[in-house]
Amino acid sequence: MNSLIKSGFIYLLCLDLILCLVAFSVPSFSDYDQQTKPPTTTEIRGVWLTNVASGVLFVPWGIDRALNQLSALNFNTVYPVVWNRGETFYKSAVAQSVIGSDAQPVLTLIHGGQDVLAKIVKLAKPKGLSVIPWFEYGFMTPANSELARRYPDWLTNGQQGVKSVQETPPEEADNGSTNKQAWLNPLHPEVQKFILGMIVEVVKNYDVEGVQLDDHFGMPVQFGYDPFTIDLYRQEHQGKSPPSNQFNSEWMRWRANKITDFMAEIYQAVKAVKPKAKISLSPNSHAFAYKYYLQDWESWVKKGLVDELILQVYRNNKNSFIADLEKPAVELARTQIPVAIGISTGTLRNPVEIAQVREQVQIVRDRSFVGISFFYWESLWGYIAPESPRQRRSVFQEMFTDKAARPSRPKKI
């Protein structure tokens, strides 16, 4: 416990330096009227709240301040992280039973044991903000995490015993760290029980609109050569071993189909607990997602396993940005479910000018997508943005002049 307090104290000292910058760079909302009129349009206006390179979750006033600002500027959705680096960011009985900790320790210390997700939900609802918890890490976990240490047989690996990949989410790149990530085997029944248990307990225990999975809800194509998966493949292929070519089409399809089967289990379990809860998905383009992560989200949409798609299109080049919006899988998804676009507002090492953000929002609207979500909170108008907070906020105020309702729930397929 002493080491935990010490690490928490050191963390707060470092965080204070960042927050001083934020405090002086972000003006108060005294000069902005809180909008009280009912929504006049329908559009997803979301933002991801992360635990990395951001202080929003790690100070007592951070969440309240963020939600006030987002509501004042007519946002209507937050996607707060609840699963990252092998730890939960809510009080999880499932995590407690599996890894011996019910929530991220520093977060618990800073908030005095309070459930942070419960706090977000309580504060967001009166402000007209929907909460869709985000399982950012999916099957990914740090190679040195407690989860990986306790359950090495839950992990998949590549050929020659390769047990990790270099996988650094965008916001983590700001720290200059190179992360070795292990991968929970999506085909392993104990892994499925663990992931499904966390998803269901969030839907069951919190007044949330749904849950969101993203691009890490798959398996790197170079993985699948662990003993469990090899044995399973042999059982279904007359004793033959998996091809050594990781891109073998049948081998890719077999693994992808197994992940799709688990996705169907998740969908059914969530709907059994809360029929109106949304399954939101935020993937990369389908061609990339399938080729490199065996994530066949186009099939998921066709099978009715996704209620909302927020496609990550983090591109600086205008033509590349537009090209991703016009892919066949995206066009198909738009005929089935609400499809919005994830837009990058920048990171510490890769700041994005507000002119680009505004242009991309307009491109999305011109093509009649149902909305946008921004990655991520800290770069909307915080200290890492290239323009002043007031300049950036004024642009968001121009883009979101009135309140907007989220799209209505899709029809059952």
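An axis, as used here, is a line fitted to C-alpha atoms, for a helix over the stretch in contact, and the angle between two axes runs from 0 to 180 degrees between N-to-C directions. In this predicted model, the axes of helix α8 (residues 227–235) and helix α9 come within 12 Å. They cross at roughly 105°. Angles of 65 to 115 degrees count as roughly perpendicular, and α8 and α9 are therefore roughly perpendicular to each other. From α8, the contact uses Thr229, Leu232 and Tyr233. From α9, the contact uses Glu250, Trp251, Trp254 and Lys258. By class, the residues of this contact of α8 with α9 divide into four nonpolar, one polar and two charged.

The wider setting comes next. The protein has 16 helices and 17 strands. Its chain holds 413 residues, and buried residues make up 58% of them. Contacts were also sorted by separation along the sequence. Of the contacts with a separation of 6 or more, 80% are between residues 24 or more positions apart.

Helix α9 (residues 249–273) also packs with helix α7 (residues 189–205). Two packed helices are described by the angle between their axes and the distance between the axes. For α7 and α9 the angle is about 30°, and the axes are 10 Å apart. Angles under 35 degrees count as roughly parallel, so α7 is roughly parallel to α9. The crossing of these two helices, α7 and α9, is right-handed. On the α7 side, the contact is made by Gln192, Ile195, Leu196, Ile199, Val200, Val203 and Lys204. On the α9 side, Phe262, Glu265, Ile266, Ala269, Val270 and Val273 take part. By class, the contact of α7 with α9 has ten nonpolar, one polar and two charged residues.

An open sheet of nine strands has parallel pairing. Its strand order is β6-β3-β2-β16-β15-β14-β13-β12-β7. Strands β6 (130–131) and β7 (134–135) stand at the edges. Each has a single partner strand, so one side of each is left without a neighbour in the sheet. Within this order, β12 (residues 210–214) and β13 (residues 278–282) pair in the parallel sense. Five bridges join β12 and β13. In this pair, Leu213 stands opposite Leu281 of β13. Helix α9 packs on the sheet and touches both β12 and β13. The direction of α9 makes about 145° with that of β13.

Strand β11 (residues 180–184) has four buried residues out of five, so it is largely enclosed by the rest of the structure. Thr156 stands opposite Trp183 of β11.

Some backbone details remain. Most residues other than glycine have a negative phi, and most peptide bonds are trans. The bond from Phe375 to Tyr376 is cis, with omega near 5°. Tyr376 is placed in the loop between β16 (371–375) and α15 (378–381). Arg85 has a positive phi, near 55°, although the residue is not glycine. Arg85 lies in the loop between β4 (83–84) and β5 (87–88). With a relative accessibility of 33%, Arg85 counts as partly exposed. Gln160 likewise has a positive phi near 55° in a residue other than glycine. This residue, Gln160, lies in the loop between β9 and β10. Gln160 is exposed, because its relative accessible area is 78% and the class begins at values over 50%.

How values were computed. Residues are numbered from 1 along each chain as its sequence is written. This is a predicted model: local features need pLDDT of at least 70, side-chain atom pairs count only at pLDDT 80 or more; totals for chains, interfaces and linings use all residues. Side-chain values use heavy atoms; hydrogens and water are left out. Angles under 35 degrees count as roughly parallel, over 145 as roughly antiparallel, 65 to 115 as roughly perpendicular and the rest as oblique. A crossing is left-handed if the near helix is turned anticlockwise from the far one by less than a right angle, and right-handed if clockwise. Contact means heavy atoms within 4.5 Å. Ala, Val, Leu, Ile, Met, Phe, Trp, Tyr, Cys and Pro count as nonpolar, Asp, Glu, Lys and Arg as charged, and the others, Gly among them, as polar. Buried means under 20% relative accessible area, exposed over 50%, partly exposed in between (1.4 Å probe, protein chains only). Two strands pair if DSSP finds at least two bridges between them.
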